[in-house]
Amino acid sequence: MTLPQLPPGVPPVLKRTGGALLVLLTLSVVVYALFYLAPGDPARLACGERCNPAQIAQVREQLGLNESVVVQYLHFLQGLLVGRDHSGGAGLVLHCDAPCLGFSYQNDQQVTELILERLPATLSLALGALVIWLVVGVGTGLLSALRRGGITERALTVLTLAGTGTPVFILGLLLLMTVCAYLQWLPFPTYVPLGEDPEQWAWNLLLPWVTLGLFESAKYARLTRSSTLETLAEDHIRTFRAYGVGERAVVTRHAVRGAVAPVIALSAVDFGTMIGGAVLTESLFGIPGLGKTLIDGVRVVDLPVVVGVVLAIGTAVVLAGAIADVLYAAADRRVALA
């Protein structure tokens, strides 16, 4: 059995857009299904431990939990497309404009507003870590490739393997104990929004940046080294050398560009994944980002928060994948977008 094929005249952009929407739709369905298989009663959690059965039944009706799973999911899709109303109790009706991700079971806050509140903290962490892992990882990989066979290359290989095998949580704890507790160079981090105090924002994110950046840089050092060695062994590089092109020009103008192309593409994907994937780092350093929000939502069985955050993370990953394709093609002219 073969899958149906799109007509050959469909533009690639439309194909990718349709595929991205299908991935997000499937993701939302899977999250809903997994949530309803999980133990716990959202109505009881939202009402509190002292609520009697009548009060819990009232809360369940207000939240729409009496309806079937399919109906609840269709209401969710309706909110994304055209917005929806939500019963807040005591005759109060709350309206949520599209794209609406629903209301939290815990405090009736719009999930979209919650995500926008937590997104700056996550972006702050991801952007700083991105700079560190590119500078350290790519620099280490290039130096290791260009010094192949020497003491420098062996030492960098050992450090890279050590970094790859060290869990990010352990690395963060070691930095906290060494820098904050033992040496007392920095106070224990407390997240400060960029708009309140840019200097304190940077100082308090320094250790999280270093923790996540060093952890990821080991992977990029290995990728850069292997890509550089592979590029230096290609025929066009040998041709440049045979025509007398200087070694520095060969490396900087031709070899590095081809070697760094996969690094740039992978960085875009990893950045999108980190929008919700830095849960351990956010939890360790008390950063109120999307990862911590997702964990809190799962803990209290807050379906709208869980689904909303997962969709936000999925959207970031899908967009990052599209950006990665463009960056890869821009960095390596031999690659054409299909």
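Visitor: Where does Gln184 lie?
Guide: The model is a predicted one. In it, Gln184 belongs to the loop between helix H7 (168-182) and H8.

Visitor: What is the phi of Gln184?
Guide: It is positive, about 55°, although Gln184 is not a glycine. For background, most residues other than glycine have a negative phi.

Visitor: Is Gln184 buried or exposed?
Guide: Gln184 counts as exposed, because its relative accessibility is 62% and the cut-off for exposed is over 50%.

Visitor: And Val301, what is its phi?
Guide: Val301 also is a residue other than glycine with a positive phi, near 55°. Its place is in the loop between helix H12 (290-299) and H13.

Visitor: Buried or exposed, in the case of Val301?
Guide: Val301 has a relative accessibility of 11%, so it counts as buried.

Visitor: On to peptide bonds. Which residues does the cis bond join?
Guide: The cis peptide bond runs from Ala98 to Pro99, with omega near -5°. Pro99 is in the loop between S2 and H5.

Visitor: Where is Gln110 in relation to strand S2 and helix H5?
Guide: Gln110 lies in the loop between strand S2 (92-96) and helix H5 (111-146). With 17% relative accessibility, Gln110 counts as buried.

Visitor: Which residues does Gln110 contact, leaving aside its neighbours within four places in sequence?
Guide: On that basis Gln110 is in contact with His95, Cys96, Gly102 and Phe103.

Visitor: Cys96 interests me. Which residue does the disulfide join to Cys96?
Guide: The disulfide joins Cys96 to Cys100, with an S to S distance of 2.2 Å. The count for the model is 1 disulfide.

Visitor: Is that disulfide right-handed or left-handed, and why?
Guide: The torsion about the S-S bond of Cys96 and Cys100 is about 115°, so the disulfide is right-handed.

Visitor: Are Cys96 and Cys100 buried or exposed?
Guide: Both of these cysteines are buried. Cys180 likewise counts as buried, at 6% relative accessibility.

Visitor: Changing topic to H8: how far apart are its end C-alpha atoms?
Guide: They are only 43 Å apart, although H8 (residues 198-232) has 35 residues. A straight helix would reach 51 Å at 1.5 Å a residue.

Visitor: Where does the kink in H8 lie?
Guide: A kink of about 40° is located at Leu205, shortly before the proline Pro208.

Visitor: What caps the N-terminal end of H8?
Guide: Asp197 does: one of its side-chain oxygens is 3.2 Å from the backbone nitrogen of Glu199.

Visitor: How many aromatic pairs does the count come to?
Guide: The count comes to 3 aromatic pairs. One of them is formed by Trp201 and Trp209, which are arranged edge-to-face, 5.4 Å centre to centre and with 75° between the planes.

Visitor: Are those two buried or exposed?
Guide: Trp201 counts as buried at 17% relative accessibility, and Trp209 counts as buried at 14%.

Visitor: Next, Ser267. Which helix is it in?
Guide: Ser267 is found in helix H10 (residues 247-277). Its relative accessible area is 6%, so Ser267 is buried.

Visitor: What is Ser267 in contact with, beyond its neighbours within four places in sequence?
Guide: Ser267 is in contact with Leu130, Trp133, Leu134 and Tyr220.

Visitor: How far is the C-alpha of Ala268 from that of Asp325?
Guide: The two C-alpha atoms are separated by 9.1 Å, and the residues are 57 apart along the chain. Asp325 lies in helix H13 (residues 303-331) and counts as partly exposed, at 33% relative accessibility.

Visitor: To finish with the whole chain, how many helices and strands has it?
Guide: The protein chain has 13 helices and 2 strands. Of its 338 residues, 40% are buried.

Visitor: And what share of the contacts between residues at least 6 apart in sequence join residues at least 24 apart?
Guide: In the protein chain that share is 64%.

Technical notes. Residues numbered from 1 in each chain as written. Predicted model: local features only at pLDDT ≥ 70, side-chain atom pairs only at ≥ 80, totals over all residues. Heavy atoms only, no water. Disulfide = S-S within 2.5 Å. Buried < 20%, exposed > 50% of the residue type's maximum accessible area, 1.4 Å probe, protein only. Helix = DSSP H or I, 4+ residues; strand = E, 2+ residues; numbered from the N terminus. Contact = heavy atoms within 4.5 Å. Expected span 1.5 Å × (residues − 1). Bend = angle between axes of the 7 residues up to and from the residue. Polar contact = N/O pair within 3.5 Å; in protein donor to acceptor, adjacent residues only side chain to side chain. Phe/Tyr/Trp six-rings, centres within 6.5 Å; stacked < 30°, edge-to-face > 60°.
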